[in-house]
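Visitor: I've got a model open and I'd like to learn how to read it. Can you walk me through a few features?

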Amino acid sequence: MKPHLICLDLDGTLLTDDKTIGNYTKRVIQKLKEDGHYVMISTGRPYRATVPYYKELKLNTPVVNFNGAFVHHPLDFDFKVLHKTLPQEVIKDIVEHIDKYDIKNIVAEVCDDIYFQYHDSVLMSEFFMGDPKIVTGDLRKSMSEEATTVLINTTEARIDYIRRAFDDVYAETVTHRRWGPNVAIIEIIKKGISKATGIEYVLDNLGLDKEYTIAFGDEDNDLQMLQYVTHGVALNNAIDDLKSVADDVTKYDNNNDGVGKYLNEYFNLNVNEGE
């Protein structure tokens, strides 16, 4: 079988609910690497929250972070970094209308640096992985660089209102999505960016054939990725919208080596579960 690029989302896909990688899945991934395939992480996380898993799997491939807004190769300094940022004018405008939108807080990330509009120890605890630099204060003054991504912390009642308003005001500039089903946070990245564009960039830079691509995901930020690759796979625990566009759905969920068991069968690896 020709070398494939295998793209793996982290949360809810490769990772169990307790944020670990199943031992069986790790053994399958090791076998795939030994057979000459490329295994790559494609996640909405920043790199600082990705690197533990990158090292655990002993990967040597590029990484797609921030849903495609930041693509780099941790081990190859000749790999040209892709970094698509949000115009500072957008962030300034959101801050100026923070009361109108009923926004509780704004969090801007510049690669692995984090900027909070207001101090919030509870919200900040979500971002501590990787020991990032954290700055608190008016984003119109505290940020010297354009943001990779922006998170809008609001209330459940205002989620839809804010997203409609952003569609009206920033339709030509940003793409946004809800961060998670039970969290009132809206995530914003530059328009036209997705995990799919990140994967396309990697294929071009590594000279790989799109025909031999497979990707796994579970949430709405994986939609374009699964549609772009030749074989898109939704986890058993994925949202229905993702399952509807996927080429296949795993038999097992993220807590039961769904990725590993699927890959073992798909590539006919014969990795024994009992080893």
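Visitor: Which strands does helix α8 lie across?

Guide: Keep in mind that this is a predicted model. Helix α8, residues 195–206, lies across β3, β4 and β5, and runs at about 155° to β3.

Visitor: And how do I read the sheet itself?

Guide: Strands of a sheet pair through backbone hydrogen bonds, either parallel or antiparallel. Here the order is β3-β4-β5, an open sheet with antiparallel pairing. β3 (63–65) and β5 (82–83) are at the edges with a single partner strand each, so one side of each has no neighbour in the sheet.

Visitor: What is the bridge partner of Val71 in β5?

Guide: That's Leu82. Strand β4 (residues 70–72) is joined to β5 by 2 bridges.

Visitor: Now the rings. How many aromatic pairs are there?

Guide: The structure has 7. Take Tyr101 and Phe166: the ring centres are 5.5 Å apart and the planes stand at 90°, so we call the pair edge-to-face. Tyr101 is in the loop between α4 and β6, while Phe166 is in helix α7, so the pair ties together parts 65 residues apart in sequence.

Visitor: Which ring does the charged end of Lys210 sit over?

Guide: The ring of Tyr228, at 4.1 Å from its centre. Lys261 lies over the face of Tyr252, 4.0 Å from the ring centre.

Technical notes
Residues numbered from 1 in each chain as written. Predicted model: local features only at pLDDT ≥ 70, side-chain atom pairs only at ≥ 80, totals over all residues. Heavy atoms only, no water. Pairing = 2+ DSSP bridges. Helix = DSSP H or I, 4+ residues; strand = E, 2+ residues; numbered from the N terminus. Contact = heavy atoms within 4.5 Å. Axes fitted to C-alpha atoms, helices over the stretch in contact; angles between N-to-C directions. Phe/Tyr/Trp six-rings, centres within 6.5 Å; stacked < 30°, edge-to-face > 60°. Lys NZ or Arg CZ within 6 Å of the ring centre and 35° of its normal.
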